Amino acid sequence: RRRGGAGDAAGVEVVCANSIAYSIKGTVNFSAAQPWKQAWTEKLRRLGRFQKVTAQRWAVKGAKYMCWVAPEEPLVDPRGLHGGFAFLFHELDEFDEEGRDRFFEIVTTLGCNGVPTAAMGGSAAMPPMLHRSAFAFSLAGDFALASPNHRERTRGRLFRAAGEGRWALVGHIIGEWPYLACEADDRGQTVLHKCALLKIPGGRLTSQLLHSLHEGGASIEAQDVDGHTPYDLGDQTFKALVCQIWGLIPDLFADPELWFDYWDKNRNGVLGPAELIPALAAAYQVGDLGRQWIETYVHTHYRELAPGAQLTKDNMLGDKGMLHMLQSSEEFISLRSQEEGVSKMPAIFRTEGRQRPTSFDRQILEEFGQRVEAVRSHHGWAPGRPPPPAARPLEVRAPFAGGESDARARMAAAREMLAWTFTKTTALSGRNWLNGFKVSFKGGGDVGIDEGGLTKVWCQEIAYALWGDENFFDAKSTGMFFKPDGEVDLLVHCFHVKSESLYRWVGRFLAYAVYQGCMIDCRLCPWVLRWLLRVTEAKSNTPAMLLNLAGDWHRIDETTSRINSLGSSSDGGEGDAMATLSGRVLFWHSDHMSAQWPASREMSLSVEGNTLIAEVDGDRITAEVREGKLFWSNGETWVRSPDSTSLPAAAVMPSWPDTPRGNDQLLEDLATMDAAFANSLWRVRYEMSDEDLQWLTFSYAGVELEPGGDDRQVDASNKSRYVRLCCKAVLLQRARRGLQTFAEGFFDVLPQELAHGMPADSFLWLLCGDDEISMEQLDDLERLVLAEGLVPQFLSDNPAVQESARWVFSTARNSDGRFRSRLLEFWTGSPRLPHGGVSAVAPKPRLQVMVQWARPASPPVWEICLQDGWYSYDNDTAIALERALSSGEQDVNFQVRDNRYTVDLAAMVQVNQRTGARRHVRRREQPADEAADVVHGVRRIETWPATRLPEGHTCGNELWIPLCSSEEELARSLRMAVMNFEAGFALA
């Protein structure tokens, strides 16, 4: 405001300053992103309305200019009843060539019936807006959603813990707030600087903490105020360890030869003790004690394993080399156990990574496959046969012909294929999916007929579109996971889709892949697929009454007959549903439950007769069900939320008993989604000292785990409950709707009863298969093919055919794992084997050697030249001509109907005695096949010379190969074909 005269500049006084701040609870809400036209940009640019974007959170996403669009502003096409913000992703003198410019309209809170409230103008013609609390491209992390005070307290707590060397606590905080890995203190030092300065001890804890920092984006090149990086401050062990984790060093177990070459600093082909000791310490990620042991071991055994004191690559990596001895050393195994420093080995550590099925698991998977095959047969499907008549034609965009050669082009084509598929199939019922699809590709040239092969390619490319980046799913340490429930709008190719609709469709798609036996690169974290079995188990143990009550509920005010949000204030205003009943669990959605309820976000449910019981920590409240309402013993009455239908019965919320076994299973499930956080919670429960526990409160990622949790410290008496609540918050609460709709879609296609009693990771095994083709599996495949898979069958016992088949498998054995995987994909359409082994591949793999019986010597052929070519005489005439020639006769007479003919054998001419017409004749020899072209009585098919490359026909799982003269010739041809076909789209 201005003080003094109108021209008195010194009289200006600042009253206040306002700015936009992001808040998940903010009163201003925005629609999903809407397209913005260049014509609107030009009009506002001429008026000087656009301002430079300076907010870092928007600038880093590419936004360059923004403009406030007033309510009902008259543009070429009016935008925004209540106004909004337009964002440009280019300079003002440039065109929007990429189509990224967007407009975000201000909307009010949606009413309980899911449509805009009267504050939006009440226009019946106005479509419901997708409700968002922030701009879609901001992608703010959870840390930004917390209050500034909470963020600052957490940040200060992290650096105090790091400064005092409380590494278990540091790891726990980083697991909860990965974004803090990049934060720095007032001296510019990150947590990684602290690890280097304080010489963090070695062992599993160190490795996991550094892995968490790496995943959170910590940089080993970040400089503090003195210009020092963590790498500068660390000792040799720290430097080697961070280089290994940050991917600056090749992995010993994934690329042993590259690993050897990296550590061979002087490039002499030999690793000396000074090079070998830090190399092994980094590869095994051990601390000081482990490094000391390795040093002693190397010094003791170096001359024994390195003749002439020269440890070459073969001496190091061979079958009996130092690496093999080190891994099998009982002393080293014992040392690793000491490094762990734990007295109890929990289930979580025994199950890190993806488990492999046991023989018992494989038996159950085989039985499941038989049940699925019965369903397929009922709908007309048979392995290796064309789709049944009821199958729907599904024409989609063809995959990128270049395969993996251009990732961007492949993704663009796969995204378009996904959009076409989603549009054509999203409204189909589960029965329609079981009837199946006959896939065809548009715009891809001559790509074949779908008898199974095109379906495999389609599944692979859709999987690539879904999980090739983070457009539709968030990346976790173990794979991809659903977007949070607040992310309600996703962009599929060029149109907006509700996230629940997409996730329901993804469930159907994966069920169809299992139904058709298609193995794909499914990058979902194992918990998503394990969830399907957990809800199946929960449903089988849930009373029918609870299944019928599943859904969102409100409290009703009996005095006014108005619906109130559960726990809302006494003004009786309407609001979102405040509680959900799912299976045996009641969830609250508000921090302000009625005082008549226990202060807990979750209560367990049970049934006694017709009475519903909700209880937690000994508190027990009952309810009677009458006329669709719940009449609680505390006097409250609940009704279903008007905008909520019953939750899908297939997605009953699982529960874990509060027992040692149940708690271990809960942590094990968490490890399939976030192994580092699961390990950290295990330490909270079993290892963390009381002094460290007091740093923790009952909150996770800025959200209280129970009412008042941010002010409640964790201690020895409640740490078990804290661990359980953290696990459930991560597994269930962040994307509850995504999980439920995914399960709904999956079991809409595959009946849920088929999954009863299956191991927890069954669907992961069925979809992903075994991505490593072992020598034993190759032997099994060879035995299967040689016994019943050679084509043509009437030549399957021929020595030449048998030898050619053996050459194929010999070539595979003499090649690396990548070649074997590509050979399998070239042959069957998938680089993976089912966990049931080669016997589970359907249809059975077949190998066709392109040969036929060799021709023996045959009698000469007599032919006459007509107007359009040479034609053979009939057999009787040919015999007469041959006998006459042998006996020295000059001519042969014969009659055909009314015409008499004479063949002059000297002139080789046939004369029609009635008309005088003359035609030339000839005698052609039919020699036997050349001996060089015949092998064991067979010869090559003329269209398949030895130079023709092998072909894979994935519809019938067939491999066609030419007859070659040597194993080396076939190996060259096979390698050329296998290593140069475009992965994901072999010959079908």
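Aromatic pairs number 34 in this predicted model, and among them Trp527 and Trp656 form a tilted pair, with 6.2 Å from centre to centre and 35 degrees between the planes. Trp527 lies in helix α22 (residues 526-540), whereas Trp656 belongs to the loop between β22 (637-640) and α24 (660-671), so the pair ties together parts that are 129 residues apart in sequence. Trp527 is buried, with a relative accessible area of 0%, and Trp656 is buried as well, at 4%.

Another pair, Trp944 with Trp960, is edge-to-face, the centres being 6.4 Å apart and the planes at 65 degrees. Here Trp944 sits in the loop between β34 (938-940) and β35 (951-953), and Trp960 in strand β36 (residues 958-961), 16 residues apart. Trp944 is buried, with a relative accessible area of 3%, while Trp960, at 21%, counts as partly exposed.

Aromatic residues also gather in a cluster, whose members include Phe368, Trp467, Tyr503 and Phe763. Elsewhere, rings meet charged side chains: Arg410 lies over the face of Tyr464, 4.0 Å from the ring centre, and the charged end of Arg376 is placed over the ring of Tyr515, at 5.8 Å from its centre.

Turning to the strands, six of them form an open, antiparallel sheet in the order β29-β28-β33-β32-β31-β30, with β29 (869-872) and β30 (891-896) as the edge strands, each of which pairs on one side only. From one strand to the next, the twist averages 30 degrees. Strand β30 is joined to β31 (residues 899-904) by six bridges, and Val896 stands opposite Asn899 in β31. Across β28 (858-866), β30, β31 and β33 (918-926) lies helix α33 (residues 875-887), which runs at about 105 degrees to β28.

Notes
Residues are numbered from 1 along each chain as its sequence is written. This is a predicted model: local features need pLDDT of at least 70, side-chain atom pairs count only at pLDDT 80 or more; totals for chains, interfaces and linings use all residues. Side-chain values use heavy atoms; hydrogens and water are left out. Two strands pair if DSSP finds at least two bridges between them. Helices (H or I, at least four residues) and strands (E, at least two) are DSSP runs, numbered from the N terminus. Axes are lines fitted to C-alpha atoms, for helices over the stretch in contact, and angles run from 0 to 180 degrees between N-to-C directions. Contact means heavy atoms within 4.5 Å. Rings of Phe, Tyr and Trp (its six-membered ring) pair if their centres lie within 6.5 Å; planes under 30 degrees apart count as stacked, over 60 as edge-to-face and the rest as tilted. Buried means under 20% relative accessible area, exposed over 50%, partly exposed in between (1.4 Å probe, protein chains only). A charge sits over a ring if NZ of Lys or CZ of Arg is within 6 Å of the ring centre and within 35 degrees of the ring normal.
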